[in-house]
Amino acid sequence: MKKSAIALAVAAALVGSSAFADTTLYGSARVSVDYTDLDTTYTGARAPDGSLIPLVKGFTAWDVVNNSSRLGVRGEEDLGGGLSAIYQYEFGVDVTEGGNFNSNRPKWVGLKGTSWGAVTLGTQWTPYYNVLGVADIFNNSANTFLQRTGYLGSVYGTRMDNSLVYSSPNWSGFGFQAMLVMNGDVGANDPTTPAELQKCNPDNKLPCNLSSSIDMYQLNATYKNGPFFAGAAYMAVDGRDFDSYFNQPLYTGFKYTAPNWDGDQWGLAFGYNSGPFAVTLNYEDGDLNSLYYGGGTNVYVTGAYTFGNNIIRAAYGYTDPDKGQVPYYTNGVRTGTFTQDTINTFVLGYQYNFSKRTRVWAEYTNSDADSDLIGTAQALSIGTRVDF
């Protein structure tokens, strides 16, 4: 029997189980036709004479794109005395090119108490995203919030495997979360260079050998009252900095890693949603991102207006690096410099809702970067989504 058929059979059995009377089978199919134009002008390194050395080749292309389609089951069992068993098991489903049932979408199990909150273990949305994700309002997952806006949490601020999360109860609108990520160690295969950081399996977000105890921790605090939302989040990775390797006489490359394996990052988010209007404001600062060598800051503002079955959305992002110049070394000698600079991103989208479960959209993204490392990009996405 094929893996997909087995997964569907298991899901159907869970839904029909009397042990978990509140189990739900759910899913979402999200597909678009995308046009992407990546400029080649700023995708190279500077040689000692100032000439540009191409590193990444630009392209223009049309593609049929999967936008985080998923299939899952979630449920809850009342254990009595205010205690419940809770779980979620969600598969990524690629409806365009295969690769089904192997993503790091949420898969966790835990216990929930009416007075003390919940403890869950598995692969889970991070406390960081549960604050900054208030600005994740567009449909196209490849070219908007997580990729093209400069969102500094796109590496560690989405979902983390091998995690333990505590979620507090709701205290008159206030709440908080704490996450610990413990990703193990590969013993004798400890890394000697940044390129040899090893993962236990390809889906791990963190290497297995960052530390022998807590590899990452995240915290958040939130407040929601009617149309208002405010939150703060923090995350830190406790790993190696590779300074001794960078200083070797034969070293070739950057004297930094992206993301930083021993750094931290924080963010603030504010939202207002009342009637037809919704606005959000995000601010981030830190070095746990792959966008820049070293730290950076990001400001991201969104707005949405709903009328009838129509929604118009717009966003602006401004991302700025801490280091403007990043030296490059060959055999221990500085041989060039890469320029890092600001990124300005504009997003505009339109959505039409046929029903509560079915929609179509058209979204345009323009990311303008004046940098040797990141090219200017434009993208148009026209797609549809059906939930069940």
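User: Which residue in β12 is the bridge partner of K224?

Analyst: This is a predicted model. Strands β11 (residues 216-225) and β12 (residues 228-237) pair in the antiparallel sense over ten bridges. Two residues lie between the strands of this hairpin, and G226 takes a positive phi near 60 degrees. The bridge partner of K224 in β12 is F229.

User: And in β14, which residue is the bridge partner of F229?

Analyst: Strand β12 is also joined to β14 (residues 264-274), by nine bridges, and the two run antiparallel. Within β14, F229 has as its bridge partner G271.

User: How many salt bridges does a search of the whole structure find?

Analyst: One of them joins the side chains of K112 and E76, at 3.3 Å from N to O. Another pairs R105 with E90, and D387 meets R385 in a salt bridge as well. The search of the whole structure gives a count of three.

User: Is K112 buried, partly exposed or exposed?

Analyst: Buried requires under 20% relative accessible area and exposed requires over 50%. The relative accessible area of K112 is 31%, so K112 falls in between. E76, at 29%, is partly exposed. K112 is therefore partly exposed.

User: How far apart are the closest N and O atoms of R105 and E90?

Analyst: R105 and E90 are both buried. A salt bridge needs a nitrogen to oxygen distance within 4 Å. For R105 and E90, the closest N and O atoms are separated by 2.4 Å.

Definitions and conventions. Residues are numbered from 1 along each chain as its sequence is written. This is a predicted model: local features need pLDDT of at least 70, side-chain atom pairs count only at pLDDT 80 or more; totals for chains, interfaces and linings use all residues. Side-chain values use heavy atoms; hydrogens and water are left out. Two strands pair if DSSP finds at least two bridges between them. Helices (H or I, at least four residues) and strands (E, at least two) are DSSP runs, numbered from the N terminus. Buried means under 20% relative accessible area, exposed over 50%, partly exposed in between (1.4 Å probe, protein chains only).
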